Amino acid sequence: MCPPACLLDMPELPEVEVTRRGIEPYVAGRRVQRVDVRNFALRWPVPATLARELEQRVIHKVERRGKYLLFELDDGWLIVHLGMTGTLRVLRNLPALPPAARHDHIDWIFDEFVMRFRDPRRFGAVLWHPRASGGVLEHPLLASLGVEPFSSAFSGTLLHRRTRGRTVSIKQALMAGDIVVGVGNIYASESLFRAGIRPSTPAGRVSLPRYELLADAIRATLAAAIDKGGSTLRDFVGSNGESGYFQLDYFVYDRAGLPCHACGVPIRHIVQGQRSTYYCTRCQR
Ligand SMILES: [Zn+2]
């Protein structure tokens, strides 16, 4: 379960990736029988043609770009973003399918299970990108995203090169998403702790060796979160609970005033760009 502070900060890339890994084995190669849209009001309206595009079509695979889930079909892609409170679940026990609750916007009904999208705060998105409009990565929401943190394109060199001359703080530069995707508020604080970099440091003043440490720290932090999520996969699939988001044992995030795990100094909380930042004044310089 999320601590209260993380409501604004979830889900991040690891939660989306764990959702993808949880769902893909069920839906890949399966035919959508029916689509039941109960509520079209999300961040953008759910396309009125969604059911027509998907019904009786096979989903080939589920990929992820940033925090977008991409379901590939013959004629295009279903794009799903979980927003702040969205969840996608596979409900397998059809005879005892829980009745749709108020915030259960969409059901994709397959032969043996239902994939259900719930989003109480409605910042999520469910969109359709026809193949006739080009590859899905050309979609306006995806075209300008930064590199994937687990791709070979992501490195300390990239971070260093893309931040020369920039006075914005390193934490805000990471979170902007135009250099690298997937480093949201939680994992920005955690990665900067692992790399020993103070979050308020101007991005243009961080040296290449420190950016190399940071790139490694980002990958390690995200990988640890995905591993942790993988071990709680049952929370995403088959359950109908309120929160499937997992919680890491954070080094600094949401630990204001508590002793640093490395040095014992109380963790400090500041606000940057209207978001909470947590760091250790001794370990991060
Ligand atoms: Zn410390």
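What follows is a short chat about the metal site, a hairpin and the overall fold.

A: Before that, this is a predicted model, in which local features need pLDDT of at least 70 and side-chain atom pairs count only at pLDDT 80 or more, while totals for chains, interfaces and linings use all residues. Residues are numbered from 1 along each chain as its sequence is written, and side-chain values use heavy atoms, with hydrogens and water left out.

Q: Okay, what coordinates the zinc ion?

A: The SG atoms of Cys260, Cys263, Cys280 and Cys283 coordinate the zinc ion at 2.2 to 2.4 Å, where donors are N, O and S atoms within 2.8 Å of the metal (3.2 Å for Na, K and Ca). Along the sequence these donor residues follow the spacing C-x2-C-x16-C-x2-C.

Q: And why is the arrangement tetrahedral?

A: Because the four donor atoms subtend angles of 98 to 113° around the zinc ion, and four donors count as tetrahedral if all angles lie between 85 and 135 degrees.

Q: Is cysteine 260 buried or exposed?

A: Cysteine 260 is buried, at a relative accessible area of 4%, whereas cysteine 263 is partly exposed at 26%; buried means under 20%, exposed over 50%, and partly exposed in between, with a 1.4 Å probe and protein chains only.

Q: Switching topic, how many residues lie between strand 4 and strand 5?

A: Two residues separate them in a hairpin, and glycine 66 in the turn has a positive phi of about 60°. Strands here are DSSP E runs of at least two residues, numbered from the N terminus.

Notes
Two strands pair if DSSP finds at least two bridges between them. Helices (H or I, at least four residues) and strands (E, at least two) are DSSP runs, numbered from the N terminus. Four donors count as tetrahedral if all angles lie between 85 and 135 degrees; four count as square planar and six as octahedral if opposite donors are over 155 degrees apart and all others between 65 and 115; anything else is irregular.
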